[in-house]
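I opened a notebook page for this chain, and I keep below what I looked up.

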Amino acid sequence: TSVIDLSPLVRKTSYYTADDEEMSDKTPDFYISICQPLNPIPGVVCPPGSFVCMDPVDGLPISIGRSSEAPQINSAIQEVYISFSSTTQCSENKAVNYSSLVVFHCNKGTDLGRPKMLRQSSCSYVFEWATPVVCSDLESTSGCSLTDEQLHYTFNLSALTGGQYQVSSATG
């Protein structure tokens, strides 16, 4: 089993806005929080307890994701995802409530990334998020070098070989 730790993506006092490549003046704004309900958003009153909120151009903000499951792994395609359900009835199909899905992809480096709108239907929204948080942390060693694949960085300690070093311990 694997542990999925998305805590580096938690924002204690702010929130994420989801990018939408098809943005226009009629495109709603989307706000997302991971592992906790959304923090207050200036000028936008999302329903309390929302994890995913849609702020339409004309109308009040709508919760499109409230309670969330724990992160899941689709091992067949090595993706991590979180499903969000909502208690808000869908305006286009009264028989169902809104729902959202955030799919995380590995993107090595140090930038935590941000969510992007991938696709939507009348009552369901899918966001993708490229982030190093879901990458397996591979390390390799060679001689006196350690390479961290996630950071794309090699620590070369060979300059320290052959010398004598005294290490003092701090007391107190």
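What share of the 172 residues in the chain is buried? I found that 33% of the 172 residues are buried, where buried means under 20% relative accessible area, exposed over 50% and partly exposed in between, with a 1.4 Å probe and protein chains only.

I noted that this is a predicted model, in which local features need pLDDT of at least 70 and side-chain atom pairs count only at pLDDT 80 or more, while totals for chains, interfaces and linings use all residues. Residues are numbered from 1 along each chain as its sequence is written, and side-chain values use heavy atoms, with hydrogens and water left out.

I then looked up the secondary structure and found zero helices and 13 strands, taken as DSSP runs numbered from the N terminus (helices H or I, at least four residues; strands E, at least two).

Next I searched the whole structure for aromatic pairs and found seven, counting rings of Phe, Tyr and Trp (its six-membered ring) with centres within 6.5 Å, and calling planes under 30 degrees apart stacked, over 60 edge-to-face and the rest tilted. One of them joins Tyr-15 and Tyr-31 edge-to-face, at 5.5 Å centre to centre and 80° between the planes; Tyr-15 sits in the segment before strand E1 (16-17) and Tyr-31 in strand E2 (residues 29-32), 16 residues apart. Tyr-15 is partly exposed at a relative accessible area of 22%, whereas Tyr-31 is buried at 8%.

I also recorded Phe-30 and Phe-127, an edge-to-face pair with 5.5 Å between centres and 70° between planes. Phe-30 lies in strand E2 and Phe-127 in strand E10 (residues 124-131), so this pair ties together parts 97 residues apart in sequence.
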